[in-house]
Amino acid sequence: MTETATLIETARQKIEHFDVVIVGAGISGVGAAYHLTKQCPGTSFVVLETQESFGGTWLTHRYPGIRSDSDLYTFGYRFKPWTSAPIATAAEILSYMGEVIDENGLGPHIRYRHKISSAVWSSRDNLWTVEAVRTDTGETVHFAANFLWMCQGYYRHSEGYTPEWSGMAAFKGRIVHPQNWPEDFEYAGKNIVVIGSGATAATLIPAIAADSGHVTMLQRSPTYFRTGRNVVAIADELRELDIDETLIHEIVRKKILHDQAVFTSRSFTEPEVVKQELLAAVRAHLGPDYDLATHFTPTYRPWRQRIAFIPDGDFLEAIRAGKASVVTDEIESFTETGILLRSGKLLEADIVITATGFNLNVLGDIGFTIDGKPLVFSDTVTYRGMMFTGVPNMAWVFGYFRASWTLRADLVGDFVCRLLNHMKEQGARKVTQALRPEDKDMPLLPWIDPENFNPGYMMRGMHLLPKRGNKPEWQHTQDYWTEKDEFPAADLDDRSFVYE
């Protein structure tokens with residue numbers, strides 16, 4: 001054997017081959033691994049995860065009070081009963097995911113500290129070749145896969161989004177993004193300004209308010225919130241009757257999903273009524289004299305942006321107790337001692353926390369190449385928000401905005417497993433989505449209709465995302481209650497599926 005042949009053979013031996021490579025060991029990736037073991041027995045797979053452990057968001061976000069803003073009866077997996085309070089802490093969610101991994105023997109399939117740098121598709125071999133770097137050793141490793149299952153989420157875990165404001169360098173205090181919360185962070189007795197009014201701010205503020213000097217939430221415009229007790233009464237009643245937890249989980253999921261469907265529908269059909277109901281619940285915590293019009297009355301209709309649930313109204317109770325307050329204004333500039341507002345008011349601060357959102361992450365910031373040509377994701381058209389025209393043997397999990405992310409992760413899991421089994425039955429090694437003749441003149445639109453849903457992180461990154469068509473199969477509809485029926489009924493022999 002020549003020296004060149006020896007080198008080639010050695011390189012081949014270092015490439016591990018799997019039927020499926022799952023990218024990410026967060027809520028979606030762990031679910032994907034479970035579905036493969038149950039629905040595609042005998043399929044070889046590996047889960048590649050950049051972090052040192054599983055959990056995704058629930059591992060990387062470590063700010064005080066970190067918790068879900070979706071109930072765990074629906075954010076949890078359909079196959080694993082949730083048995084505690086519906087709004088859960090990150091630690092509780094990690095424990096739940098750990099049980100799923102242990103109970104189903106998924107641990108040996110997960111490779112931690114593997115940061116993927118590139119994914120190359122070869123039509124000659126009908127294979128993806130994935131290159132990753134082991135962050136613990138610096139070693140470059142390679143994997144070959146028939147199918148890529150992208151479960152890495154939609155935002156960059158390494159850094160959150162912080163706008164550039166004038167004067168930030170002059171500020172003598174500390175500026176922190178919740179996504180990069182320092183382990184040694186001392187905030188007791190400090191005056192803190194939290195910029196932002198989404199779920200992160202509403203979660204963080206009650207967790208730090210008691211120990212801080214004072215916390216001010218600075219928002220450019222108000223956000224809708226829902227309040228309520230952190231219990232599901234029917235679940236507790238069924239437990240008193242000694243009903244099996246699996247049955248309780250199924251019943252409670254159905255009730256919550258029914259209630260969510262009604263609420264979502266009403267937000268479109270009677271938005272003003274829903275708006276007044278939401279404001280009345282906030283008023284119940286803050287009292288009759290609070291300026292709700294300025295600080296808690298958005299200009300958009302309910303559900304045009306995500307609505308965070310505040311368990312037991314804790315965020316609002318911190319305001320009522322005087323430990324926190326809300327200022328609605330715009331930033332003119334930072335100063336040495338705080339933030340100067342457009343109104344001329346100066347907010348004094350020792351610490352500024354920028355709860356200002358995410359940086360959209362498109363396909364894990366991985367360099368994709370298809371037959372030697374770099375993949376331009378925004379040139380593709382989405383098939384049901386999970387597959388893409390011209391991209392072979394790949395699916396992406398992108399969840400819901402108005403319902404729990406995991407509901408869609410489970411639906412996509414069923415679909416991908418059905419597709420893999422169908423390919424096996426057909427003897428196909430490759431499947432690619434393609435527009436059908438009747439789709440050629442279909443108008444191509446942004447990934448999400450901004451009139452329907454328009455959070456800042458989506459608007460900032462929309463140009464990076466695939467296009468959608470005006471037909472249901474070429475959209476990410478954001479409608480669980482429709483997709484739960486459409487996904488299982490989708491025809492895998494439709495002309496949009498091109499098999500080879």
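**The chain as a whole**

A compact globule of 500 residues would have a radius of gyration near 23 Å, and the 24 Å of this chain agrees with that. The radius is taken over C-alpha atoms, and the globule rule is 2.2 Å times the number of residues to the power 0.38.

Before going on, a word on the source. This is a predicted model, in which local features need pLDDT of at least 70 and side-chain atom pairs count only at pLDDT 80 or more, while totals for chains, interfaces and linings use all residues. Residues are numbered from 1 along each chain as its sequence is written, and side-chain values use heavy atoms, with hydrogens and water left out.

Along the principal axes, the C-alpha atoms fill a box of roughly 80 × 55 × 50 Å. The chain has 14 helices and 23 strands. Both are DSSP runs numbered from the N terminus: helices are H or I with at least four residues, strands are E with at least two.

How much of the chain is buried? Of its 500 residues, 53% are. Buried means under 20% relative accessible area, exposed means over 50%, and partly exposed is in between, with a 1.4 Å probe and protein chains only.

Now contacts, meaning heavy atoms within 4.5 Å. Taking contacts with a separation of 6 or more, 70% are between residues 24 or more positions apart.

Strand 17 covers residues 367–370, and its side chains alternate.

Which strands does strand 17 pair with? Two strands pair if DSSP finds at least two bridges between them. Strand 4, residues 114–122, runs parallel to strand 17 and is joined to it by four bridges. Strand 18, residues 373–374, runs antiparallel to strand 17, with two bridges.

Most residues other than glycine have a negative phi.

Two asparagines also have a positive phi. Asn126 has phi near 55° and lies in the loop between strand 4 and strand 5. Its relative accessible area is 12%, so Asn126 is buried. Asn393 has phi near 50° and sits in the loop between strand 20 and strand 21. Asn393 counts as buried because its relative accessibility is 1%.

His35 is in helix 2, residues 27–39. Why does His35 count as buried? Because its relative accessibility is 1%. Leaving out residues up to four places away in sequence, His35 touches Cys40, Arg78, Phe79, Asp410, Gly413, Asp414 and Cys417.

Val215 is in strand 9, residues 214–219. With a relative accessible area of 0%, Val215 is buried too. Among the residues it touches, again not counting those up to four places away, are Ile192, Val194, Ile205 and Lys323.
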